[in-house]
Amino acid sequence: MQCSYAATMLDAYLDGELPPDRAVVVQEHLGSCMRCSSEIAEIARMQRSLRNARGHYAPSAEFRRKVQKQISRPKRRSWLIWTMPIGVAFATTILLTAFVWIGNARRSAAFAELADLHVNALSSTNLVDVVSTDRHTVKPWFQGKIPFSFNLPEFNGTQYTLVGGRMVYFHQHPGAQLIVSMNQHKISVLIFQNSVDLGRALTEQTGLDRRTSFGIEAWQSQQLRFVLVSDADPAGIDNLARLLKQVNQ
Amino acid sequence: MDQEFFEMLAMPLFDQLFNLAQWLTGNRTDAEDLVQETYAKALKGFKSFEEGTNVRSWMYKILRNTFLTSRTGLKVQNTVLLEDEFDGLDFAAHNITPELHLLQLENSHSVMNALAELPVPYREMILLSDMEELSYKEIAQVLAVPIGTVMSRLSRGRKMLRQALLAGSPGRSTHAM
């Protein structure tokens, strides 16, 4: 091999681009030619340094994002990005509405049932099972009938008159229903032992029941739940509630 | 072919393409423009890409062609290449180099500087071969030239680079632009 045309051969040999038969020829030549062997050694040394050109320049993260954004699907992605929160908010709203609505419905159904108890008692031929205006007669009557005890205020000297009492059941719970009259109006005093499901059904409230238009006042005192139901004016109901609260603290 | 597939194939090449782009253009701003345009063109022409062929070579080809039509690239096209007159040239002038000078060949800083000064046709040869380690055949495809041209231009480029380094002036090119 003559050195005059060996230049590209040496590079190709070094790059492993020569077919085997020609590579052998170059290899033999390198063994005998000082100039070519030092030449190829120089190229090899430089080639190693040239690998440092790899990763010499790095793109900025910002530029990468820019190109990435440019080539990624803008429509579908942005559609998702925009609609996801709206969808989530919408679903949450529906759930919350349903939750509140169901809660309200359950509550107002419970108060409607209590109003029924009140109406039932009034329309019944025997309004009360124990007829007495004396709280010391009415209260002992419940002993053994209900699994709890309650206190009654002194009605003498107030606008209220105790008519009597009866036993009722509400959501499978036994309770006491007292009928108190105020002028021509009757007020039902319903007393139950507190429990989780009753607490959920009978939240504390004061005012008119929207479904029945009866005045309602409900509260919790110790382990008892009191509900007053009446067609009397709210102030009259509220006053009775205060009397009951005083003796059942 | 789908956009997501393109993204999956092309994005891993991002760093390599940017590096190559800045070696070609010589500055960051032009490199960013070049890479951005390359990705836009590649996405547009992705239908013409045949699955199973080399994505890297395909992207390099687009980048290189885009570069040639850019401002810097147009200047390069006017450069006169000497490869046809090359074979056999300069060899008589080569002597055994003293070891001290040879160390220049291993000085990464000098080599990088000398490479940046090399005329683009030779620089891109060395980048594709010694940096990206493409085969002669792949380089021939990327540059759309015969393999013989790859061989002579690469050999010439390496020689110019070596001479620039051994002359001790990394910034000096032996080749007139």
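Two residues are in contact here if their C-beta atoms, placed from the backbone, lie within 7 Å. By that rule, 36 residues of chain A are in contact with 44 residues of chain B. This is a predicted model, in which local features need pLDDT of at least 70 and side-chain atom pairs count only at pLDDT 80 or more, while totals for chains, interfaces and linings use all residues. Residues are numbered from 1 along each chain as its sequence is written, and chains are lettered from A and ligands numbered from 1 in the order in which they are written.

Let's start with the side of chain A that touches chain B. Helices and strands are DSSP runs, numbered from the N terminus (helices are H or I with at least four residues, strands E with at least two). The elements giving two or more residues to this side are α1, α3 (34-50) and α4 (61-71) of chain A. Its largest share, ten residues, comes from α3(A). By class, there are 14 nonpolar, eleven polar and eleven charged residues on this side of chain A; Ala, Val, Leu, Ile, Met, Phe, Trp, Tyr, Cys and Pro count as nonpolar, Asp, Glu, Lys and Arg as charged, and the others, Gly among them, as polar.

Now look at one helix pair across the two chains. The axes of α1 (residues 7-14) of chain A and α11 (residues 147-166) of chain B come within 9 Å and cross at roughly 95°. Axes are lines fitted to C-alpha atoms, for helices over the stretch in contact, with angles from 0 to 180 degrees between N-to-C directions. That makes α1(A) roughly perpendicular to α11(B), a term for angles of 65 to 115 degrees (under 35 is roughly parallel, over 145 roughly antiparallel, and the rest oblique). From α1(A), the contact uses A7(A), T8(A), D11(A) and A12(A), and from α11(B) it uses M151(B), S152(B), L154(B), S155(B) and R158(B).

Strands pair if DSSP finds at least two bridges between them. Strand β3 (residues 173-182) of chain A runs antiparallel to β4 (residues 185-193) of chain A, joined by eight bridges. I179(A) has S188(A) in β4(A) as its bridge partner. β3(A) and β4(A) form a hairpin with two residues between them, and N183(A) in the turn has a positive phi of about 55°.

Finally, a word on confidence. Chain B averages a pLDDT (the predictor's confidence in each residue, from 0 to 100) of 81. Over residues 84-93 of chain B the pLDDT is below 50. Where pLDDT is low, the predicted coordinates should not be read in detail.
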